[in-house]
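Let's take a look at the salt bridges in this one. Have the chain open while you read.

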Amino acid sequence: MKRIYNFSAGPAVLPEEVLQEAAGEMLDYRGCGMSVMEMSHRSKMFENILAEAEQDLRDLLAVPQGYKVLFLQGGAHLQFAMLPLNLMKNHTADYIITGHWAKRAWSEAKKFGAANAIASSEDKTFSYIPDCADLPVSDNADYVYICENNTIYGTKFHTLPNTKGKPLVADVSSCFLSEPMDVSSYGVIYGGAQKNIGPAGVVVMIIREDLIPDSLPESVPTMLRYKTHADNGSMYNTPPCYGIYMCGKVFKWIKAQGGLEGMKKINEKKAAILYNYLDSSKLFHGTVEKSSRSLMNVPFITGDADIDAKFIKEAAAAGFENLKGHRSVGGMRASIYNAMPEAGVQALVDFMKNFEAENS
C-alpha cells in the first residue's frame, strides 16, 4: 500500500501508527468482541476510554485546577454561537479579526449583543497579526475573542493579546497541541479535532469553570448550555464516541513524541524546511509576514494563476495531495500538521525545486 502525502487543511493527516493501531482494534477492542463504534457509551469500557483521553489531554497541557475539559459536537461553527449565548452576560464582547473564521465568529456573535471588532488585519488580506499590546478593550466586555491560528491565511498569534483582564477565548482548531500553551492565560480554548488531533466530529473545549453560567434564559436550548455538558462529563447525550477514542490515541502518540515541547521542535524543523525554500525561491513566494507565520499552515503562490494550477495538478500526480489554496484566496497551501512527517515536507520541497527548474 502506498500512502500519499496529504497536505489537507482538514480533515487532515493522522499519525500512521495511530491508524494502524485503530485498524487492529476495529473488529475487537481489547477482547470485548466489538468495535468502539458499536459499544454503548454508557458502558464501563467506553467510560474508561473517555476518562483516559481527558487525563492524557490534561497531562499534555498541564491543565490547572478550575478548568473543565469537554468533548462536544457541532464543529467550531456551533461555538461561534454557543460562546456568546453562554458568555455574553453584559451582551458585549470584543473580537480581533485576523481571518475568515474569526470574521464568521464575529458575525455570529452580533446576533446576541454588541460584538466589537477592536483590531483587524483585513487591510492587508489577513497577511499579518495586528499589534495587540494596547487594544481598545471595552470596559464591559465579557470576553476577547481570537482565532489563534488562521488556517486559510497561515498566520499565528505568537504573543497573546493584552485583554486588560477580560477572559481570552481562543479558537485553536489548527494549532491545537502543536506546541506548549499556558492554559491559565485563557478563559476558553476550543478546537475542531479534524485538523490536528483526530477525525471530524469532535470539538475539544477547555473552559474555566467560573465562566460556565449556572443559569440562562429559559429560551436557551438544553444542548446549547455549557453547564449541561460540564455537569454530565460530556455524556449528556451520546457523544462522538469513535472520534474521542481516536483523539485519545493521538494524545498518547503526542506524549510519545516528547509531549508538546517535543512536538514543537519537530514542527519548527518541518516548517523551517519549507519556509527556507520559499524565502530563497524565485518562483514561489510565501504570502505571510515573517513575524506572523504559522507552523501549521503555509500558503504560497507563484503570482501566475496558470502556473499555480499546473503546479497543483503535477503535484497531485506525484503523490502530493490537497495543496490547492482555499477557494477564497487561491494559490497553494501546505498544511503540515503534527502528523505530517518531516520526510513529506522534504519531498514536497524537492518536488518544488524540480518544478521551479522546469518552469522558470
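## A charged network

Which residues are linked in a network of salt bridges? They are Glu52, Asp56, Asp59, Lys252 and Lys255. A salt bridge here is a side-chain nitrogen of Lys or Arg within 4 Å of a carboxyl oxygen of Asp or Glu. By this rule the count comes to 20 salt bridges.

## Ground rules

This is a predicted model, where local features need pLDDT of at least 70 and side-chain atom pairs count only at pLDDT 80 or more, while totals for chains, interfaces and linings use all residues. Residues are numbered from 1 along each chain as its sequence is written, and side-chain values use heavy atoms, with hydrogens and water left out.

## Lys255 and its partners

Lys255 and Asp56 pair up through their side chains, N to O, at 2.7 Å. Lys255 sits in helix 6 (residues 241-256) and Asp56 in helix 2 (residues 44-61), so this pair ties together parts 199 residues apart in sequence. Helices are DSSP runs of H or I, at least four residues, numbered from the N terminus.

Lys255 also meets Asp59 in a salt bridge, 2.9 Å from N to O. Asp59 is in helix 2 as well, so that contact with helix 6 joins parts 196 residues apart.

As for accessibility, Asp56 is buried at 6%, whereas Lys255 is partly exposed at 34% and Asp59 partly exposed at 41%. Buried means under 20% relative accessible area, exposed over 50%, and partly exposed in between (1.4 Å probe, protein chains only).

## Another link

Glu342 forms a salt bridge with Lys269, their closest N and O atoms 3.5 Å apart. That pair links helix 9 (residues 342-359) to helix 7 (residues 259-280), distant parts of the chain 73 residues apart. Glu342 is partly exposed, at 34% relative accessibility.

Notes
Helices (H or I, at least four residues) and strands (E, at least two) are DSSP runs, numbered from the N terminus.
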